[in-house]
Amino acid sequence: MLEALEGSQAIARAVALCRPDVVAAYPITPQTHIVENLSRLVAEGDMHTEFVSVESEFSAASVVLGAAAAGVRAYTATASQGVLLMAEVLFNIAGMRIPLVMTVANRAVSAPLSIWNDHSDSMAVRDSGWIQLHCADNQEAVDTTIQAFRIAQETELPVMVCMDGFVLTHTMEPIALPEQKEVDNWLPPFEFSRRLDPDDPKSLGTLVAPDFFAEVRHSHHGAMLKALDVIAAVDRDWEGLTGRACGGLLEVSGPAEAKIGILAMGSTLGTIAMGMEHRGPDVASARLIKLRAFRPFPAEALRAACDGLDHLIVIDRAISPGLGGVVGTEVAAVLADVPGAPRIHNHAMGLGGRDIPETVYTDLVAAIADPDAPAFSIFDADLQKLAPEDR
Amino acid sequence: MSVANERGERLSELRQKYGREPLPPRAEGTADTPREAQPKFRGLDSGHRACQGCGEALAARLVMESAGPDVMIANATGCLEVFTTPWPQSAWRVPWVHSLFENAAAVASGMEAAMKAKGRNTKVLAFGGDGGTYDIGFQALSGMLERYHNILYVCYDNEAYMNTGIQRSSSTPHSATTTTSPAGKERMGKRHLKKDLLSIIAAHHIPYSASASVAFPADLQRKVRYAMGIDGPTFLVVHSPCPLGWRHASALTIEVARRAVECGLFPLVEVERGAVTNVMPIRNVRPVTDYLELQGRFAHLMKGGDARAEEERAHLQALADYNIGVFGLKGEGEDPVDTGGIAAVGRSGRPAGRV
Amino acid sequence: MIEYRIHGRGGQGSVAAAYLLAATAFHAGQMCQAFPAFGAERRGAPVTAFVRTDAGPIRLRSQVRTPDFLIVQDGTLLQDAHITAGLKPGGGMIVNTTRSSDEVAKTFGCRALAVGATAMAVEVIGRPIPNTALLAALLQATGLFPIPSLAAALKDRFSGEVLENNIRLIDRVAASVDKDIWKEPAVA
């Protein structure tokens, strides 16, 4: 049944449906409403969890690490600076292969200070070894959150559910939440094979010398690759239960005969789809590729999705200064050995919350025709605002 | 009473599962010595890779003996973590996790929350060195105490970053040399005071915090047992000499630790809810030079004819005198608490390393 | 799809107004989307919020640039000549002001409905929060959604005396505004 809910409120309720035993979080814009809603659920007795109000994101991540290591389901949420303050723990959690779920309300990273949406935060920890799933709308965010608990358990990997800060977290829209009974039946009780247990004492997080470290990394990498199938399977299973899917690893829409493709992560693609719908008569249509799983990276699915394209526009919501777009670079690498692969046009946009209008579709398609266009640009930067030497 | 029974049963159960061969029965009529009366569960077993004479390894073993088997540990990065768990080996016989340098208190908070959620009363311990406690892990520790988690935090204080090779910490005593506070023409070692951590901990008004020393094992173990019985945050800082970092002979660990207490530089006190409730009295107060002279880290203070050295020695003596005055450490007559400790670690009927 | 932009000052419940309007549409069987212009503003600073309503799912997530309707919660914001920027031809603005509708309409060259929302809110709910009064006026003038849908949206958010007072307020405003005067788009 649909309800008109603010994204953050819906996420809090979705988390509650998964019955985490321990929740630890530190407030940061734009994640705050998630923590507040969780606190309210606890205060009203609608959620039974050990809610640990920590003194920093660093401790939030550490608390959920300890909780999950001790064998219970745990959850945290953060954004931006919080992700970076957690960074050391995030690598640690993943390296120890601890199943956890964390919502990232994607926000730019300071300086300059910006509380607004882009993907700089989760991108900064892309190599931490967490699964990273991006959500296109609040329904997907709810569904992905619940799925994430199962993916984490099945893969023994931590899962980051990335949702655009403000654009999703603070937006009210009709959202369907499953029944408690449905989730209880769908989500198995928490299991962690290496949990701390006085009846079977184990040492976790030990020192590993050079003679074993490479093997640890190899098995982590292998687990991430195996997670591709799990992510897709869990989404299919969820569809069986609710009739709703989130697109598995990636989702392709738009006309099959299109020669232009547009790939994006998160909420951007909805606006682009509307731009395509409202485009002028002379503007070409495009195949839209919604990249849901950023880590692990679905190379094979992406190659298939790009089949027959002449051009692929890759939209990044963060940049790697001195290189360009991270998603664009990775897509190019994956398509590099594909015969007749599309030409990549990589643009960053919507950095630091810059509003993306639907007219961007037409502008993006038009930019393909420009033979002098650089391989990468910040598409919506207004260079007139800069001193001449910085343009 | 029922809790004690439960613990006892669990202990024997676990000992059966993981313990060594039981000792042969004792001849009738012989009484337990105080040491023999201690629980014998070896939470931290032998075979680890600590240096000879490591005060921290000894302290951790003593803590684990008293804490018993129904515990789990979050261990900060540091010597203790490194020398006990070179993968795939581990010297721990209890569930143990190491995450990072600065988050042992927070990881322990999560473990404790998990135990609460599960309805279990397995006690969570957090271990850190002085680096992970006084310095980088200080915020997480303060948060844990403020949130009132049921955790015993033990700081093994060897007064410098020993794991990375003897760099100064905020626990390094004034004028001690480390690789980042060397003595030279312009400097007399560390220029700053040892942080008074116990006062800061006490300011959280937690049920119990105390200082202890490896030189007084009976006292240390009593404090651990007392803390274990409290449902709430408790804190213990254990003075643990590091022969490598303090530059003394490995055989002198206990003697050095004892002299730190006996000169007043490391007072053994107990604080409950912010108030000092007990101190270990010093029968014969020694001059601080008795303590300093055993250690290479203070060698620059012992040079005759150096006015700077004289001034620093006087400063350290003043610090010790201050402690003795503030805590009323000057005891009269025999002290009932520490004798068992000294006897227990003595070898061949003679306290180890007595010079 | 109908798009709305709400202008107000921090503390006047502009974001709440956006959520209420979206929820009203939802209760009337429509799809909806509401979000604030995510500022870091403090109490008293100008704030903006956006709403979209439609029969089908709404995928567009940009800010509302060409609103069909404007809600202005604070008369002092009328000093900003750009407040009507992007207003669709035939669109209208509901304004909380003591000035007359004609005067506002003339100033901005669009349909305008002036509502003394602050005074009515103070009188009925005892607080100068104009948002629900303005929403009631919008609903009554446009006939977009029935007043009971707004009451249902209020019930999701409030309870007890606050709810009762707000329901009295919207009924009173509805009674004071001519019904469906904006039902048809104005001739631009």
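Analyst: Two strands count as paired if DSSP finds at least two bridges between them. In this predicted model, strand S9 (residues 203–204) of chain A and S2(B) are joined by two bridges and run parallel. Within that pairing, A:Ser203 has B:Trp96 of S2(B) as its bridge partner.

User: What holds strands of a sheet together in general, and which strands pair with S7(A)?

Analyst: Strands of a sheet pair through backbone hydrogen bonds, in a parallel or an antiparallel manner. Here, strand S5 (residues 101–106) of chain A runs parallel to S7(A), with six bridges between them. Strand S6 (residues 131–134) of chain A also pairs with S7(A) in the parallel sense, over four bridges. A:Val159 of S7(A) is the bridge partner of A:Val101, and A:Val159 is likewise the bridge partner of A:Ile131.

User: Is strand S7 of chain A mostly covered or uncovered?

Analyst: A residue is taken as buried if 20 or more other C-beta atoms lie within 10 Å of its own. By that criterion, six of the six residues of strand S7 (residues 159–164) of chain A are buried. The cover extends to both faces of S7(A): A:Val159, A:Val161 and A:Met163 are buried on one side, and A:Met160, A:Cys162 and A:Asp164 on the other.

User: What kind of unit do S6(A), helix H6 of chain A and S7(A) make?

Analyst: S6(A), helix H6 (residues 138–155) of chain A and S7(A) make a β-α-β unit, and the unit is right-handed.

User: What is the strand order of the open sheet in chain A that has six strands?

Analyst: The order is S10-S12-S11-S14-S15-S16 (chain A), with mixed pairing. Strand S10 (250–253) and strand S16 (376–378) of chain A are the edge strands; each has a single partner strand, so one side of each lacks a neighbour in the sheet. On average, neighbouring strands of this sheet are turned by 20° against each other, direction ignored. Within the sheet, strand S14 (residues 311–316) of chain A and strand S15 (residues 343–348) of chain A run parallel and are joined by six bridges. A:Ile313 stands opposite A:His345 in S15(A).

User: Which strands does H9(A) touch where it packs on the sheet?

Analyst: H9(A) touches strand S11 (260–264), strand S12 (286–291) and S14 of chain A, and its direction makes about 170° with that of S12(A).

User: How is the overall form of chain A to be judged?

Analyst: The C-alpha atoms of chain A fill a box of roughly 70 × 55 × 45 Å along the principal axes. The secondary structure of chain A comprises 12 helices and 16 strands, and 58% of its 391 residues count as buried. Among contacts in chain A between residues at least 6 apart in sequence, 81% join residues at least 24 apart.

User: How are the chains arranged, and which pair of chains has the most contacts?

Analyst: The size of an interface is often given as the accessible area lost when the parts come together. Of the two pairs of chains that touch, chains A and B have the most contacts. Chain B and chain C are joined by no contact, and their closest C-alpha atoms lie 28 Å apart.

User: Which element gives the largest share of the side of chain B that touches chain A?

Analyst: In this interface, 37 residues of chain B are in contact with 37 residues of chain A. H4(B) gives the largest share of the chain B side, 12 residues. By class, that side divides into 21 nonpolar, 10 polar and six charged residues.

User: At what angle do H4(B) and H6(B) pack?

Analyst: H4(B) and H6(B) pack at about 35°, and their axes are 7 Å apart. The contact is made by B:Ala105, B:Ala106, B:Ala108 and B:Ser109 of H4(B) together with B:Ala140, B:Leu141, B:Gly143 and B:Met144 of H6(B). This contact has six nonpolar, two polar and no charged residues.

Note on methods:
Residues numbered from 1 in each chain as written. Chains lettered and ligands numbered in written order. Predicted model: local features only at pLDDT ≥ 70, side-chain atom pairs only at ≥ 80, totals over all residues. Contact = placed C-beta atoms within 7 Å. Buried ≥ 20, exposed ≤ 12 C-beta atoms within 10 Å, placed from the backbone. Right-handed = clockwise from strand over helix to strand, strands pointing away. Nonpolar A, V, L, I, M, F, W, Y, C, P; charged D, E, K, R; others polar. Axes fitted to C-alpha atoms, helices over the stretch in contact; angles between N-to-C directions.
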